[in-house]
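Look through the sequence and the model first. The paragraphs below then go from one contact to the next.

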Amino acid sequence: MLTTVKENKMDYHTRNPDYDGLWKHLIEELFQEFMEYFAPDLYPEINFEGSFRKYCCF
């Protein structure tokens with residue numbers, strides 16, 4: 001399946017782009033998969049049901 005994304009360049013002229021917001025969102029959404037891939041030995045020890053907000057500041 002081919003997916004295309006069109007960039008809306010007008011957004012860059014109307015406000016400051018949120019460059020790191022996308023990465024923060026991706027980390028939040030894909031954290032479990034990230035840990036499973038990059039830290040398979042640590043993965044079984046992590047409780048993904050809890051909230052990380054009480055430990056994190058963003």
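**A walk through the predicted model**

Lys24 and Asp20 form a salt bridge, with 3.6 Å between the closest N and O atoms. The model is a predicted one, and a search of the whole structure finds one salt bridge in it.

The protein chain has two helices and zero strands. Of its 58 residues, 5% are buried. The chain exposes about 6100 Å², and 58% of that area comes from carbon and sulfur atoms.

Asp18 sits in the loop between α1, residues 10-14, and α2. With a relative accessible area of 54%, Asp18 is over the 50% limit and therefore counts as exposed. Its side chain reaches the backbone nitrogen of Gly21 at a distance of 3.1 Å.

Helix α2 covers residues 21-38, and Leu26 is found in it. Leu26 has 32% relative accessibility, so Leu26 counts as partly exposed. This leucine belongs to a nonpolar surface patch made up of Leu22, Trp23, Leu26, Ile27, Leu30, Phe31, Phe34, Tyr37 and Phe38. Together these residues have about 1000 Å² of accessible area.

The aromatic residues come next. A search of the whole structure finds four aromatic pairs. One of them joins Phe31 and Phe48, whose ring centres are 6.2 Å apart with 65° between the planes, an edge-to-face arrangement. Phe31 lies in helix α2 and Phe48 in the segment after α2, so this pair ties together parts that are 17 residues apart in sequence. Phe31 counts as partly exposed because its relative accessibility is 35%; Phe48, at 24%, is partly exposed as well. Another pair is formed by Tyr37 and Phe38: the ring centres are 4.8 Å apart and the planes stand at 85°, so this pair too is edge-to-face. Both Tyr37 and Phe38 are exposed.

Phe31 and Phe48 also belong to one aromatic cluster together with Tyr43. Which residues does Gln32 touch, not counting residues up to four places away in sequence? They are Tyr43 and Phe48, both of which are members of that aromatic cluster. Gln32 is itself found in helix α2, and its relative accessibility of 35% is why Gln32 counts as partly exposed. From Gln32 to Asn47 the C-alpha to C-alpha distance is 9.8 Å, while the two residues are 15 apart in sequence.

How values were computed:
Residues are numbered from 1 along each chain as its sequence is written. This is a predicted model: local features need pLDDT of at least 70, side-chain atom pairs count only at pLDDT 80 or more; totals for chains, interfaces and linings use all residues. Side-chain values use heavy atoms; hydrogens and water are left out. Patches are made of residues with over 30% relative accessible area and no salt bridge: like charges are joined within 9 Å, nonpolar side chains (Val, Leu, Ile, Met, Phe, Trp, Tyr) within 5 Å. Accessible areas come from the Shrake-Rupley method with a 1.4 Å probe; for residues, only the protein chains shown count as cover. A salt bridge is a side-chain nitrogen of Lys or Arg within 4 Å of a carboxyl oxygen of Asp or Glu. Helices (H or I, at least four residues) and strands (E, at least two) are DSSP runs, numbered from the N terminus. Buried means under 20% relative accessible area, exposed over 50%, partly exposed in between (1.4 Å probe, protein chains only). Contact means heavy atoms within 4.5 Å. Rings of Phe, Tyr and Trp (its six-membered ring) pair if their centres lie within 6.5 Å; planes under 30 degrees apart count as stacked, over 60 as edge-to-face and the rest as tilted. A polar contact is a pair of N or O atoms within 3.5 Å; within protein, one must be able to donate a hydrogen and the other to accept it, and residues adjacent in sequence count only if both atoms are side-chain atoms.
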